[in-house]
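Start with the sequence and the model.

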Amino acid sequence: MTLNEGAKLGHVPHRAPGSGASKSNHLSGKPIRHYRPRGSAEIRHLIDEGFQAFNAARLGEACRIFADKMLLPEHDTTIGLTVAGALTPAGLGGCMVELMERGLIDFMISTGANLYHDLHYALNFTLHRGSPFVDDVELHEDGVIRIYDVLFPASVLLETDAYIRDFLVRSGMNGPVSTAELHYALGRDLMARQPGCERHSVVAAAAANGVPIYTSSPGDSSIGMNIAYHELMNDSRLMIDPNKDVNEVCAFILAGKKNGCVILGGGSPKNFYLQGQPTLWEVYGIPKGGNDYFIQITTDQVVWGGLSGATPAEAVSWGKVNPGVLPDTVVAYADSTIAFPLFCEYAVGSANSRRPRKELVHKRDALVAALRKEAKEVVREEIEE
């Protein structure tokens, strides 16, 4: 029996003792569905009138900076969304899809895990609401995977892995690619094989709406694990080229009339976005000037010294944020699974709830060429001096 055949039969090869077909009631919880914000007037009223102090007020501030400033048509802000933490397993991918369809974000940087678990929804697998206080030894024996209080059969992992490996063969990709190119091809394949999945899958919706998605550490996820398999077992030359990712993100920032970010959590995706500005001034000698807007929703604290908790004020010293725009920056210390749906409801219900999509996934080569041209001009001027 092949691995793929085993997955289809519900068996989990090499994972003792669970079979992947739980006979207990662990998977009896309601299915987790993708949540799509509708622009609730009641939620907007609550945020504007009821969130008056402490972190509630900071979330309200974030909502108003996004809806009233970043989304203003005359500002034409290029907006990056960075995603860390298990948000797609919790059903928040629907919020991201809504923002993409409305043109409210222009590109994404995500952990690979969020994109991998998004594929479960695209492939019509079911994740269930559960409890964080179950017996994990019992879950293992029953073949059930737990992400805090999200539960699903281990066979979902194997079937998703099998899909990725088959896609990699079908794609014909056999050289260096950016993660945006990989994810675009993956999204197109999902739409071809699962028509309509772009309504609830982040990866498919990004391909449908021209939103490039980057992963700052592509080997740190099951997608990367299966790419490694493809190289080892199929002699593939497909290679994720991080240089392409760095230059493409820098090119988006350079081309932006204004630039702003919405950061969920922190981690590597946060830095991968914010390093774009230092790359321009520090490495390429192009004084772009830093981000114009900075919104972060996080539970990380500044006192631990990690990047995830670093404030926008600290980012000024690095040239990541313009020193004159600190009033247009905010950190809301809150759980993203609570704050982000509220944030999206506010944005979707605002006067600036829809923008023309930039479809940057199709402009990557041209914008990188413009970056190269400007950087070479800087070198030429330095030589002449």
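## A buried phenylalanine and its partner

F167 is buried, with a relative accessible area of 3%. Buried means under 20% relative accessible area, with a 1.4 Å probe and protein chains only; exposed is over 50%, and partly exposed lies in between. Y163 is also buried, at 10%. Both residues belong to helix α7 (residues 155-171), four residues apart, so about one helical turn separates them. Helices are DSSP runs (H or I, at least four residues), numbered from the N terminus.

This is a predicted model: local features need pLDDT of at least 70, side-chain atom pairs count only at pLDDT 80 or more, and totals for chains, interfaces and linings use all residues. Residues are numbered from 1 along each chain as its sequence is written, and side-chain values use heavy atoms, leaving out hydrogens and water.

## Aromatic pairs

The structure holds six aromatic pairs. Rings of Phe, Tyr and Trp (its six-membered ring) pair if their centres lie within 6.5 Å; planes under 30 degrees apart count as stacked, over 60 as edge-to-face, and the rest as tilted.

The rings of F66 and F343 have centres 4.9 Å apart and planes at 40 degrees, so this pair is tilted. F66 lies in helix α3 (residues 54-70) and F343 in helix α15 (residues 336-348), so the pair ties together parts 277 residues apart in sequence. F66 and F343 are both buried. The rings of Y163 and F167 have centres 6.5 Å apart and planes at 20 degrees, so that pair is stacked. Elsewhere, ring pairs link F107, Y214, F252 and Y273 into a cluster.

## Charges over rings

The charged end of R44 sits over the ring of Y346, 4.1 Å from its centre. R165 lies over the face of Y229, at 5.0 Å from the ring centre. The test: NZ of Lys or CZ of Arg within 6 Å of the ring centre and within 35 degrees of the ring normal.

## A histidine in a loop

H200 lies in the loop between α8 (179-193) and α9 (202-209). H200 is buried, with a relative accessible area of 19%. Its side chain reaches the backbone oxygen of Y121 at 3.4 Å.

## The largest pocket

The largest pocket is lined by 13 residues; I32, A90, G91, D149 and V150 lie nearest its centre. A pocket is an open set of points on a 1 Å grid over the protein atoms alone, where a 1.4 Å probe fits, with protein on both sides within 12 Å along at least five of seven lines; lining residues have an atom within 4 Å of a point.

Notes:
Helices (H or I, at least four residues) and strands (E, at least two) are DSSP runs, numbered from the N terminus. A polar contact is a pair of N or O atoms within 3.5 Å; within protein, one must be able to donate a hydrogen and the other to accept it, and residues adjacent in sequence count only if both atoms are side-chain atoms.
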